[in-house]
Amino acid sequence: MLKLIGYADRFSVAPGETIRFMVSALEDQPYQAEIVRLIHGDANPEGPGFKSEKVPSGAEAAHVGRRQDIRAGSWARVPFHLRLKDLHSFTVAAMIWPTTPGKGRQGLIGHWDEEALAGWLLEIDGQGRLAARVGDGRAAVEVGSGVKLHPSHWYLAAMIYDAAAGTLTVIQRPVTAYGVVTDDGHAAQAAPAPLIPDCAITMAAVRSGEGVGCHYNGRIDSPRLIAKALPPERLEGLFLQPLPADLTGSILAAWDFAQEIKTTRIVDAGPEGLDGEIVNLPTRAVRGWNWDGSEHCWWRKPAHYGAIHFHDDDIYDAGWQEDFRWTVPDDLRSGVYAAHLWSGDAEDGTEEDYIPFFVRPPRGASGKVGRPRLAFLAPTASYMAYANDQSHIDAKDAEMVIGRLLAYQPSDVFLYDHPELGRSLYDSHSDGSGVAYSSRLRPILNLRPKYSSWLGASGSGLWQFNADTHLTDWLESHVREPFDVITDEDLHAEGYELLRPYQCIITGTHPEYHTVRMWDAMKSYLDLGGRLMYVAANGWYWRIAFHESLPGVIEVRRAEDGIRTWFADPGEYWHSFTGEYGGLWRRQGRPPNMLVGIGFMAQGFDVSSHYRRQPGSFDPRASWMFEGIEGEIIGDFGLVGGGAAGLELDTAKYALGTPPHALVLASSEGHSDLIMLVNEEFGVVPPNLRGSEHPDVRADMVFFETPNGGAVWSTGSIAWCGSLSWNGYDNNVSRLTGNVLRRFLDPRPFA
Amino acid sequence: MPYRIRPEDRIHIGDFRDRPLSPHGPELQRILNAMRDTPLEGRYILVCTKPFREWKLARHGGRKRPIEILHEHVFTSREEAEWAVFRMRWKEITGEDLN
C-alpha cells in the first residue's frame with residue numbers, strides 16, 4: 001500500500017519563515033521531493049484535472065528515506081525522585097473506571113521496569129482482573145484479584161506491600177454494589193521486597209525499555225502512594241476530601257488531576273511535589289468517581305473532575321525526525337502549496353504523497369499593505385476536525401447514509417491497517433468513547449490533493465481540503481483574481497486585524513468549526529464594512545477550542561444536540577482546553593444565520609440537485625448578480641453529485657437570526673430522499689424528513705447588506721464550488737459567482 | 001424490525017439496474033437499506049485501483065482481519081459495481097440468481 005506519508009510542523013507559514021517536513025518512507029526507500037503550488041486537486045477526468053506548478057525551492061532533492069512509526073496511546077509519567085527509592089512497606093491506590101478490561105494486559109500505575117523485573121505495578125491482567133506485581137530485579141511476583149472487572153464501572157483499586165510480613169495484597173472493590181454480581185475481590189501472596197528502579201513512574205501504560213506498552217483504556221482518578229502498608233479497611237479514607245488527619249502524615253504522593261486541567265501537567269498535592277505530565281493528550285475535564293450531577297461544569301466543582309480518560313489510540317504529536325525544511329522566499333505569493341514526495345510513479349498514487357500547507361501574507365505591518373483585495377480563508381480547523389476520519393471504516397451505517405458502495409482509496413486501506421495515525425473528531429476511540437481532540441502533527445491522509453472522500457457525493461467525491469481546490473482553481477484559472485490565503489489558526493491568533501486589509505473574504509466549502517475569537521473576528525469584519533462570500537454550507541456550526549499552549553490541536557465537546565457521531569456525556573460539555581462551554585453555536589445564542597444569513601438544515605451524500613431563482617433575485621438590490629444568466633435553473637450540473645446544491649444545505653430562518661432584509665435569491669429543489677432534515681430542527685420526529693417531502697430540505701442562496709457598506713452572499717450548499725469548472729468554466733454557477741466577486745471587490749458601499 | 005425482502009419486490013430490480021446511483025423511490029430504497037444494513041465484517045466494499053476508472057471488489061474485515069481484495073471482480077464504473085453487488089446480495093438473501 002502507501003510507500004510515503006508525512007506531515008509538516010505547521011499549516012500556515014509566512015514568507016521568510018521555515019517549514020519543516022517529517023516523512024516516513026515505509027520501505028526505507030529513497031524518495032524525491034519538490035515544492036509545488038497546488039491549483040486543482042481533483043483528478044476527475046470529467047473536470048479540469050489535477051493541476052500543480054513546481055516552485056523553484058532548493059528543496060528539490062533525493063532523500064534517503066527511512067521508516068518512522070507512530071506510538072499512539074496516552075499515558076502519564078512522573079519523573080524519578082530519590083524519595084521513591086526509600087520505600088519499604090507501601091500502599092498504592094486509585095479510583096479506576098476501565099472501559100475495556102477484557103482487551104488484554106493494561107498498566108494502571110507503576111514504578112516498574114518490565115525488562116529488569118524491578119519495582120511495583122498495579123495493572124489489569126490478561127484475564128481482565130486487577131493485579132499487582134513486585135519485582136526484586138531477579139523475578140516478579142504477581143497476585144490477581146481473582147474476579148473480573150466490569151467495563152465502565154468505578155472501582156477502588158489498590159496494592160499493599162507489607163515489608164514486615166513479606167506479603168503483597170491486591171484489592172479490587174466496586175463503588176457500586178449489585179446483588180448477585182461478584183466483582184469484589186482481593187488476594188495476598190508472599191513476595192520479596194521490590195527493587196525500586198531509577199525510572200519514571202508510569203500511569204495508564206507499562207514501561208518497557210525506553211518505551212511504553214500495554215496502554216490502558218479508561219479513567220484513573222486520584223492515584224495515591226502511601227509510605228506504609230495501610231489496613232484494607234482504611235483505603236476508602238484515601239479518597240475523602242479532606243484526607244483524614246491520621247493518613248496525611250504517611251502520604252507520599254496524592255495526584256490531583258483536577259488541578260491544571262488546561263495543561264499537560266499532573267499535580268501532586270503531596271509533600272514531595274511529585275508532579276508529572278501527560279503524553280498524547282488523554283481527555284481531561286471528565287467526570288470523576290464521585291461526580292453526582294450536582295455540578296456540570298468542571299471548573300466550578302473541580303473536586304468532581306479528578307479523572308483523566310486515557311485511550312490506547314490517543315495521539316498528539318507523531319514526533320518524527322525532520323527530513324527536510326524550506327524557508328519560504330520573501331517574494332513568494334500567498335497560496336496553497338505542498339511538498340510533493342515520490343519514490344515511484346504507480347498510477348494508484350501509492351508511491352507519492354503531498355503535504356499541503358498555506359503560504360500566508362507576511363506577519364506584522366508589512367503584511368497589511370499592498371495586499372490583494374481578496375483573501376481565501378482556508379478552514380483549517382475544519383480540516384483538522386475531519387483529519388483521518390474513519391467513519392467509513394468503523395461506522396456500520398456509512399454505506400446506507402451515502403446510498404452507494406463505500407469506495408476506499410489506497411490511503412483508506414492504509415488507514416484501516418494503521419489506526420495509530422489517529423482519529424478525527426467524528427470517530428470514537430477504540431473503547432467507544434468520543435474523540436474530543438484532533439491534532440495536525442501527524443500524517444493526515446484525507447487532507448490531500450487527488451483524494452476522493454467517501455462523503456463527497458457521486459462524481460469527484462471531494463470533501464473539505466480537496467473540494468476547496470475547486471474554488472482556488474477557479475480563482476487562479478478562470479477569473480484570475482489575485483488572492484491571499486489565510487487560515488483558521490491565523491484568524492484565531494490574530495483576530496479581526498488579519499481580515500482588515502481585504503475588501504472581500506471567501507470561505508471554503510465547509511467552514512464548520514470556529515472558536516469564539518474566530519467568530520468575533522468575522523463579526524467585526526462584517527460590521528466594519530467587510531464583504532463575505534460564503535460559498536458553502538454548514539458553517540459556523542460547532543464551537544471549538546484551540547489548546548492555549550500546545551500548537552496545532554483543537555477540542556470539540558459534542559454537547560446537547562446537532563448532527564453528532566458521538567455524544568458528550570452529561571457533565572462533560574465544557575472544553576478542557578479553555579473552560580468554555582462547548583456544543584453548537586446555535587445553542588449558545590449565535591446561530592450561523594446571524595453571520596451569514598443561513599444555517600444548517602439538511603444533509604445527504606448521494607446526489608446533488610439544482611437551484612431555482614426566487615423573487616429576491618429580481619430585486620434591484622441583487623439583480624445585478626444575475627446579469628448574463630438566462631432561465632430560472634442554476635447549477636443543474638457539477639462534479640460533486642451532479643449539481644450545485646448538495647451534501648449539506650443551509651436555509652434562511654429569520655427566527656434564528658437571518659437579517660430581516662436578507663433577500664432569498666434562489667432555492668434548491670428536487671432533492672433525493674437520502675437528503676434529510678437535521679435533527680436539531682425537530683423535537684417530535686416527523687414522518688416527512690426526506691428530500692421529496694419536507695419543504696425545508698433545500699438550500700437558500702441569500703444576499704444582505706451589512707453596516708458600513710459591506711455585504712454577505714451565501715450559497716447554502718457544500719457542492720456549489722464543484723460546479724464552477726463545468727463546461728470550461730462557462731456556466732451559470734461560475735458566472736453568478738464571478739458577478740458577485742467583481743461587485744464585492746468594488747469598494748463602492750452597498751448601503 | 002429490519003425489512004425482509006419479498007418476492008413482489010422483484011419489480012424494482014430493473015429500476016436499480018438501469019439507474020443504480022440515481023435517487024430511488026421509497027420501496028426500492030427500503031430494499032437497498034435492508035441490503036446495506038449488515039455487519040461490517042464481511043461487507044462488500046470497493047477498493048479504487050486506478051483513479052476514476054477501475055475498482056475491485058473487496059470484503060471489509062471488521063478491522064479484525066485485513067481487507068480482502070477479490071481480484072477477480074474488477075469494475076470500470078461505479079454503476080457496474082453497484083449492479084454486481086446488488087445481484088450478489090439478492091442471491092444471498094433470496095437464493096435467486098439474477099444473472
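Buried residues account for 66% of the 751 residues in chain A of this predicted model. Buried here means under 20% relative accessible area. The accessible surface of chain A amounts to about 24700 Å². Carbon and sulfur atoms contribute 51% of that surface.

The secondary structure of chain A consists of 11 helices and 45 strands. Along the principal axes, the C-alpha atoms of chain A fill a box of roughly 95 × 60 × 50 Å.

Contacts in chain A were also examined by sequence separation. Of those between residues at least 6 apart in sequence, 72% join residues at least 24 apart. Contact was taken as heavy atoms within 4.5 Å.

Chain A carries 66 positive and 96 negative charges.

The area buried between the two chains is about 2900 Å². Carbon and sulfur atoms give 56% of this buried area. On the chain A side, three residues stand out: A:K396, A:L405 and A:Y416. Together they supply 25% of the area that chain A buries against chain B, more than any other three residues.

Methods:
Residues numbered from 1 in each chain as written. Chains lettered and ligands numbered in written order. Predicted model: local features only at pLDDT ≥ 70, side-chain atom pairs only at ≥ 80, totals over all residues. Heavy atoms only, no water. Helix = DSSP H or I, 4+ residues; strand = E, 2+ residues; numbered from the N terminus. Buried < 20%, exposed > 50% of the residue type's maximum accessible area, 1.4 Å probe, protein only. Areas by Shrake-Rupley, 256 points an atom, 1.4 Å probe, with all protein chains shown as cover. Lys, Arg positive; Asp, Glu negative; His and termini not counted. Charge placed at Lys NZ, Arg CZ, Asp CG, Glu CD. Buried area = accessible area lost by both parts, 1.4 Å probe.
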